[in-house]
Amino acid sequence: MTAPTTANTTSPTDPSLSARALASWSTNAAYWDATITAHGNKYWRRLQEPCLSRLLASVLSQPNCRALDLATGNGLCARWMVRQGTQDVLATDGSDEMLELARGHCEAAGMVGGVRFRRVDVASREDLRALREEEGRFDVVLMNMAAMDVAELGPLAEGLARGGLLAKGGVYVRLVLSLWTLVLNLVQVCCHGVASCVLHVRGVAKHRPQVRPCHGRPCG
Ligand SMILES: C[S@@+](CC[C@H](N)C(=O)[O-])C[C@H]1O[C@@H](n2cnc3c(N)ncnc32)[C@H](O)[C@@H]1O
């Protein structure tokens with residue numbers, strides 16, 4: 001009798017899972033772009049942008065702020081970060097098709113100088129290592145609405161750890177909106193040297209814009 005095959009099973013660390021997920025994003029890039037549009041959908045306008053503004057606007061307006069947008073999609077957040085004041089944004093995505101769309105929107109918005117582009121698979125230790133070596137460290141690292149799409153987050157956690165992509169006092173913001181529970185979860189991790197702090201923001205979506213971020217406890 002032939003042993004059952006495991007060829008169709010996947011684990012979170014299966015490298016092909018990440019490749020297949022990215023291939024799916026590339027296939028659907030134009031659809032995503034048409035749905036989200038260059039200016040964002042209602043979730044962006046009503047929930048995400050107001051929260052990111054509270055968390056990041058003051059950092060992004062600092063002189064010489066360096067910002068990294070992970071999984072940029074059509075570059076929505078990269079352009080938003082330029083509008084907040086930073087002139088040095090690196091927009092990255094694992095999908096070349098997404099990066100092309102982002103580049104086109106940035107050119108149309110006259111942001112050619114302020115945003116650079118680079119292909120980075122955040123599930124790839126190699127990509128993250130090369131990013132750190134070639135681009136240095138960042139004051140802001142943002143991953144908006146993408147953590148749930150990434151096959152494995154371990155490499156990114158390692159990449160952000162001490163000596164990694166975050167500059168001293170830098171801030172990492174990862175935003176995930178759970179449509180099932182209508183709860184917005186934000187996690188902001190600030191790494192500076194050995195110290196780190198974690199901030200959780202949670203609130204029912206319809207109240208979200210009025211809820212202030214708070215440290216270490218749920219609010220809203
Ligand atoms: C839901 S879209 C979010 C795009 C953008 N951050 C926004 O807020 O509009 C998810 C993005 O994650 C990217 N992505 C998925 N897996 C990735 C990976 N392993 N590395 C880098 N980007 C990835 C996709 O290509 C897609 O552009």
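Modeller: The average pLDDT of the protein is 80, and 74% of the residues score at least 70; pLDDT is the predictor's confidence in each residue, on a scale from 0 to 100. Residues 1–11 have a pLDDT below 50, and this stretch has one contact in the model beyond near neighbours in sequence. Residues 180–220 are also below 50, but that stretch has 74 contacts beyond near neighbours in sequence. Two residues are in contact if their C-beta atoms, placed from the backbone, lie within 7 Å. The model is predicted, so local features need a pLDDT of at least 70 and side-chain atom pairs count only at pLDDT 80 or more, whereas totals for chains, interfaces and linings use all residues. Residue numbers start from 1 along each chain as its sequence is written.

The protein has seven helices and seven strands, in the order α-α-α-β-α-β-α-β-α-β-α-β-β-β from the N terminus. These elements are DSSP runs numbered from the N terminus: helices are H or I with at least four residues, strands are E with at least two. Among contacts with a separation of 6 or more, 64% join residues 24 or more positions apart.

The part to look at is strand β1 (residues 66–70), which pairs with β4 in the parallel sense over four bridges. β1 also pairs in the parallel sense with β2, again over four bridges; strands count as paired if DSSP finds at least two bridges between them. On the β4 side, Leu68 stands opposite Val141. On the β2 side, Ala67 stands opposite Val89.

In β4 (residues 138–144), seven of the seven residues are buried. Strand β2 (residues 88–93) is largely enclosed by the rest of the structure, because five of its six residues are buried. Buried means 20 or more other C-beta atoms within 10 Å of the residue's own, exposed means 12 or fewer, and partly exposed lies in between, with C-beta atoms placed from the backbone. Over the 220 residues of the protein, 37% are buried.

Ala78, leaving aside neighbours within four places in sequence, contacts Asp69, Thr72, Val89, Ala91, Ala102, Cys106 and Val115.

Two loop residues deserve a note. Asn64, in the loop between α3 and β1, has a phi near 65°, positive although the residue is not glycine. Asn64 counts as exposed because it has 8 C-beta neighbours inside 10 Å. Met145, in the loop between β4 and α7 (154–160), has a positive phi of about 55° and is not a glycine either. Met145 has 18 C-beta neighbours inside 10 Å and so counts as partly exposed. Most residues other than glycine have a negative phi.
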